[in-house]
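Dear colleague,

I am handing over a structure that you have not worked with before, and my notes on it follow below. Please read them with the model open beside you.

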Amino acid sequence: MRTKQKSLKFYRKIYMFVSLITVIVLLMVCVAQFVLGRIMETNYKNLENQHNSLLVQLSQAQKEAQKGVEYEELFRRQGEEEFPYSKQYDHLYVKEEPRQVNTSKGQKIAYLTFDDGPSDNTLKILDLLKKEKIKATFFVVGHMGKEAKPILKRIVEDGHTIGIHSYSHDYDKIYGSVEAYLEDFNQMFEMVYEATGVKSTVFRFPGGSINAHNRMIYQQIISEMLRRGFSYYDWTVDSQDATRNPSVEKMMGNINASIGRQSRPVVLMHDAASKKMTVEALPKIIRAYRDAGYSFDTLDHREICFFPYQAEPGIPGK
Ligand SMILES: [Zn+2]
């Protein structure tokens, strides 16, 4: 009887043990399946993301290739002078002297630029630059008419570079067509030439080279201007002296952010009549760059620089 009970207990233990093992094995299988499922899901998602990003890259590449073809086509047609505007303004060509671009490594150079002048502020800026023995670049506009002549002359006599910004600085007008752009540019080009005897070779687009106002025709304008020998420059540091509430502190924040990060910053400032803050900030800006080991030069000694797109041309431009 006892032996029978013992063997029953033994079998029960065996049964319990086997059941436990079975449950554990089943649980492990479940866990393994769950983990594998998650891994596969993650892999699938990664693959899906990679696939999507490849599709985006492909469509960008296609767009760029298309753009390249369009540029080529434009250059070819302009070379053959098929556009009516290519035949206008016979004198509006500049033959650039071989550019003396300073590209020596390790040298830090800041390029101060002033848009939308001249004005009385320009004279204060010129005095300051003279005192500091610094050369800068001025992209001028035509709103002062003949009264601008002595200031334009002084910009040149002081050894600065004078570039064309726009005669009217009216986005809707100048970006209405390539003809309209050329007409406005030519007006300013002639005004500078008459006042100073200098044929400006550098220019800056109002609002930047690609902005919300010119995106339909910027390629044509750029091609035409390059064909005529001009070089255009955007900027790499916006001092933000043209925002609604500029302050010397905010301007210095933008300047200081570029120090150490950019070895050849192109600094956007404005010398329009209302930009008194710029005159106030300028000595601090010069000091900040000097203390950080930068020297100063004019843009015609720098390689071309352009920004891809300015969504808010109204803010930096005017
Ligand atoms: Zn401007």
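His-169 sits in the loop between S3 and helix H4 (171-174), where helices (H or I, at least four residues) and strands (E, at least two) are DSSP runs, numbered from the N terminus. This is a predicted model, in which local features need pLDDT of at least 70 and side-chain atom pairs count only at pLDDT 80 or more, while totals for chains, interfaces and linings use all residues. Residues are numbered from 1 along each chain as its sequence is written.

Although His-169 is not a glycine, its phi is positive, at about 55°. His-169 counts as buried because 20 other C-beta atoms lie within 10 Å; the term buried requires 20 or more other C-beta atoms within 10 Å of the residue's own, exposed means 12 or fewer, and partly exposed is in between, with C-beta atoms placed from the backbone. Gln-240, in the loop between strand S6 (237-238) and H7, likewise is a residue other than glycine with a positive phi, near 60°. Gln-240 is buried because it has 20 C-beta neighbours inside 10 Å. Most residues other than glycine have a negative phi, and most peptide bonds are trans. The peptide bond from Gly-117 to Pro-118, however, is cis, with omega near 5°, and Pro-118 belongs to the loop between strand S1 (109-117) and helix H2 (120-132).

The fold in outline

The protein contains nine helices and eight strands, and buried residues make up 32% of its 318 residues. Among contacts between residues at least 6 apart in sequence, 82% join residues at least 24 apart, a contact being two residues whose C-beta atoms, placed from the backbone, lie within 7 Å.

Strand S2 (residues 137-141) is largely enclosed by the rest of the structure, because five of its five residues are buried. In a regular strand the side chains alternate between the two faces of the sheet. In S2 both faces are covered, with Thr-137, Phe-139 and Val-141 buried on one side and Phe-138 and Val-140 buried on the other.

S1 and S2 pair in the parallel sense over four bridges, where pairing means that DSSP finds at least two bridges between two strands. Phe-114 stands opposite Phe-138 in S2.

Strand S3 (residues 161-166) is mostly covered, with six of its six residues buried.

Two helices in contact

The axes of helix H7 (residues 248-258) and helix H8 (residues 276-291) come within 10 Å and cross at roughly 35°; such axes are lines fitted to C-alpha atoms, for helices over the stretch in contact, and angles run from 0 to 180 degrees between N-to-C directions. This crossing of H7 and H8 is right-handed, meaning that the near helix is turned clockwise from the far one by less than a right angle. On the H7 side the contact is made by Val-248, Met-251, Met-252, Ile-255 and Asn-256, and on the H8 side by Met-277, Glu-280, Ala-281, Lys-284, Ile-285 and Ala-288. By class, the contact has eight nonpolar, one polar and two charged residues, with Ala, Val, Leu, Ile, Met, Phe, Trp, Tyr, Cys and Pro counted as nonpolar, Asp, Glu, Lys and Arg as charged, and the others, Gly among them, as polar.

Glu-190, in helix H5 (residues 178-196), is partly exposed, with 16 other C-beta atoms within 10 Å. Glu-190 and His-91 are 99 residues apart in sequence and 9.9 Å apart in space, C-alpha to C-alpha. Ser-263, in the loop between H7 and strand S7 (266-270), counts as partly exposed because it has 13 C-beta neighbours inside 10 Å. Ser-263 and Ala-110 are 153 residues apart in sequence, and their C-alpha atoms are 7.6 Å apart in space.

With best regards
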